[in-house]
Amino acid sequence: MNLSSQLHQTALGNSDKIAYHFLDQQQTYAELDASITKFASGLTKLGIGKGDHVALITGNSPHYLIGFYGVLRAGATVIPINPIYTPDEISFILLNGDVKTVITLDVLLPLVEGLHKHLPSVEHYIICETGEYKGESDLSQLNVHSKLIGFMKVVGSGDLDFNEPDLLDDDVAVILYTSGTTGKPKGAMLTHRNLYSNASDSGSYLKINNDDRVITTLPMFHVFCLTVCMNAPLMLGGTIIIVPKFSPTEIYRIAKEYKATIFAGVPTMYNFLLQYNGNVDDLKSLRLCIAGGASMPVALLQNFEKKFNVIVSEGYGLSEASPVTCFNPLDRPRKEGSIGTSIVNVENKVVNELGEEVPVGEVGELVVRGNNVMKGYYKMPEETAFTIKNGWLYTGDLARMDEEGYFYIVDRKKDLVLVGGYNVYPREVEEVLFAHPSIVEAAVIGVPDPNLGEAVHAFVVKKDSEITVEDILSFCSEHLAKYKIPTYIEFLEELPKNTTGKILRRALKNVVNN
């Protein structure tokens, strides 16, 4: 089974049920499945099929949904790309990913016009009509005109009796390019088995069902949203509420209007919802909140659950694992600060430098095994061999496991700060800073120190303008060993984040270096 076939089966049993809401639009499962089939058929008529790579450069919209499943149904491979990437970033992925066709927005036509001369292998640009393009009224004046075709034209050219190609479990369905925090992005090849098994297993673990209405505000090109907010609900007959852009006002509104039952987000989103001065009852229909993408401070989790009277299940994943490996279970106690236990059919363990499992409670590297682990990095056999050893995916995250099998992320291996030979985990310091009532956000990095090797540098966003560096240092001294107390504290208006809300430590290091 694969995602495309499963969606078709779900549509047969839920033909009149609403599959998604988007602004003033909606489609039933029967209508969505028909659109996907016709789009897949239209792609095939353009010469797109098995072995071809199709880039999907759109935001959260039905275009993304139909485009994603349509490419899979045609037998091709999807490469999702963040539409706000720079031209250089997009160009690198398109070239490295050997992209044959690009699906993108009409508002990005100037970008397409600028890039196409450097991308001779791209044969078609399928343009999603949003009505927002204010550029050249006569598209025939664009140099790239001969390669342009409208998204709805592709759908309209397709046939409902389309004969789908056979999709093998090990065929690559998606290539997800990592954020490239340590260099150029790497393309994680996820197979049909990877994506189907992880959506099925995480959906089952979180008890997602056909009565659920899932707020889909995380970027759909991001693997967390792709699996938990899109694939899992749709394979189980749920309804997704597609939100183009996150805002607390909009989340309160749609949660009330559609009686949403599940919200998934990153810690930054939870912080904005907590700080927002809205009617708490607007979110009372929520039965479950899901957190991932970054570690959630315990103080934030406690305050959110108390205010909204809903459990927040924190989990863990990474692109190379499709992505989910752990979640806090719903039928056992949720442990604050933990990423939970291994989901069904996935194994996690903590190992030392030799790959040997460490005793309970000891810190080591988290490794993962299961049907969710990627096939490898595209055109990077050495990186693949370094990351996957004896079937285990080495995550690069430091973790520990307790006696009940709950895992705790200590920090990224590369973010560890060595102060005078002592290990300082940024997350531990951030937890303390976040607990201060006058601090909204905090992030910690290591900076060079001539005497101790490294020192702790904290960046803080404050809600109380009267709070001083001395106040924060005094608070830290009550909760941290001396060597863990920040040597430097810097106030910022906001912390730099990527499109999913994850704090960009690399950008903070650039602030220090400059």
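User: At what angle do the axes of helix α1 and helix α3 cross?
Analyst: In this predicted model, α1 spans residues 3-13 and α3 spans residues 62-73. Their axes come within 8 Å. The two helices are therefore roughly perpendicular to each other. The crossing angle is roughly 115 degrees.

User: Which residues of α3 meet α1, and how do the residues of the contact divide?
Analyst: From α1 come Leu 3, Ser 4, Leu 7 and His 8. They meet Phe 68, Tyr 69, Leu 72 and Arg 73 in α3. The residues of this contact divide into five nonpolar, two polar and one charged.

User: Which residues is Leu 65 in contact with, leaving aside neighbours within four places in sequence?
Analyst: Contact here means heavy atoms within 4.5 Å. The partners are Tyr 20, Leu 32, Met 220, Met 230, Leu 234, Ile 240 and Ile 242.

User: How do helices α7 and α8 cross, and how do the residues of their contact divide?
Analyst: The axes of α7 (residues 192-205) and α8 come within 9 Å and cross at roughly 85 degrees. That makes α7 roughly perpendicular to α8. Residues that meet include Leu 195 and Tyr 196 in α7, and Leu 226 and Met 235 in α8. The contact divides into six nonpolar, six polar and no charged.

User: Which strands stand at the edges of the nine-strand open sheet?
Analyst: The strand order is β2-β1-β11-β10-β12-β13-β14-β15-β16, with mixed pairing. A strand at the edge has a single partner strand, so one side is left without a neighbour in the sheet. The edge strands are β2 (25-28) and β16 (341-342).

User: Which residue in β16 stands opposite Cys 326?
Analyst: Strand β15 covers residues 324-327. Two bridges join β15 to β16, and the two run antiparallel. Opposite Cys 326 stands Ser 342.

User: At what angle does helix α9 run to β10?
Analyst: Helix α9 covers residues 248-258. It lies across β1, β10, β11 and β12. Its angle to β10 is about 165 degrees.

User: Why is strand β18 largely enclosed, and which residue of it is the bridge partner of Asn 348?
Analyst: Five of the seven residues of β18 (residues 364-370) are buried, so the strand is largely enclosed by the rest of the structure. β18 pairs with β17 in the antiparallel sense over six bridges. β18 also pairs with β21 in the antiparallel sense, over four bridges. The bridge partner of Asn 348 is Val 368.

User: Which residues of helix α10 are buried?
Analyst: Helix α10 covers residues 267-275. Seven of its nine residues are buried, so α10 is largely enclosed by the rest of the structure. The buried residues are Pro 267, Thr 268, Met 269, Tyr 270, Asn 271, Leu 273 and Leu 274.

User: Is Leu 142 buried or exposed?
Analyst: Leu 142 is found in the loop between β6 and β7. The relative accessible area is 13%. Buried means under 20%. Leu 142 is therefore buried.

User: Which residues does Pro 165 touch, not counting those up to four places away in sequence?
Analyst: Pro 165 is found in the loop between α6 and β8. It is partly exposed, with a relative accessible area of 27%. Pro 165 touches Lys 50, Arg 73, Ala 74 and Gly 75.

User: Which residue is joined to Pro 323 by a cis peptide bond?
Analyst: Pro 323 has its place in the loop between β14 and β15. Omega of the bond is about 0 degrees. The residue joined to Pro 323 is Ser 322.

User: What is the relative accessible area of Asn 309?
Analyst: Asn 309 lies in the loop between α11 and β14. It has a positive phi of about 55 degrees although it is not a glycine. Asn 309 is exposed, with a relative accessible area of 70%.

Conventions
Residues are numbered from 1 along each chain as its sequence is written. This is a predicted model: local features need pLDDT of at least 70, side-chain atom pairs count only at pLDDT 80 or more; totals for chains, interfaces and linings use all residues. Side-chain values use heavy atoms; hydrogens and water are left out. Two strands pair if DSSP finds at least two bridges between them. Axes are lines fitted to C-alpha atoms, for helices over the stretch in contact, and angles run from 0 to 180 degrees between N-to-C directions. Angles under 35 degrees count as roughly parallel, over 145 as roughly antiparallel, 65 to 115 as roughly perpendicular and the rest as oblique. Ala, Val, Leu, Ile, Met, Phe, Trp, Tyr, Cys and Pro count as nonpolar, Asp, Glu, Lys and Arg as charged, and the others, Gly among them, as polar. Buried means under 20% relative accessible area, exposed over 50%, partly exposed in between (1.4 Å probe, protein chains only).
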